[in-house]
Amino acid sequence: MPLVIATVSILAFAFWRLYLRDRARDEVAARADPVWRKLTTKRPCQWSETGSGRGAFREYHCATCRATAYSRTGKAPETCKRNVRGGL
Ligand SMILES: [Zn+2]
């Protein structure tokens, strides 16, 4: 009989843990969804010149993806540099 009680309590504990974990995951997903959507939605880059630069390169900062890029043409970069490390 103690074995049955132990088994039942272990099962109850396991179900309780699973239930709590699923609920927690749903809450996290619901809370993270706007952030995730914001991260995955493509928005146009909004480059602005920072005023600094290296030599002939002018430094630009993207307000959309917070990337820093350098341009030598005097125009803002056309492609987003968010996936480029170092911003070059
Ligand atoms: Zn960008």
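Visitor: What makes this an open sheet of three strands, and in which order do they come?

Guide: The order is β1-β2-β3, with antiparallel pairing. A strand here is a DSSP run of E, at least two residues, numbered from the N terminus. The model is predicted: local features need pLDDT of at least 70, side-chain atom pairs count only at pLDDT 80 or more, and totals for chains, interfaces and linings use all residues. Residues are numbered from 1 along each chain as its sequence is written.

Visitor: Why are β1 and β3 called edge strands?

Guide: β1 (47-54) and β3 (68-71) each pair on one side only. The twist averages 35° from one strand to the next, with axes fitted as lines to C-alpha atoms and angles running from 0 to 180 degrees between N-to-C directions.

Visitor: How do you know that β1 and β2 pair?

Guide: Two strands pair if DSSP finds at least two bridges between them. β1 and β2 have five bridges, in the antiparallel sense, so they pair. Tryptophan 47 stands opposite cysteine 62 in β2.

Visitor: What joins β2 to β3?

Guide: Four bridges join β2 (residues 57-62) to β3, so the pair meets the cut-off. These strands run antiparallel. Histidine 61 stands opposite threonine 68 in β3.

Visitor: What lies between β1 and β2 in their hairpin?

Guide: Two residues lie between them. Glycine 55 in that turn has a positive phi of about 65°.

Visitor: How many residues separate β2 and β3 in their hairpin?

Guide: Five residues lie between β2 and β3. Arginine 66 in the turn has a positive phi of about 60°.
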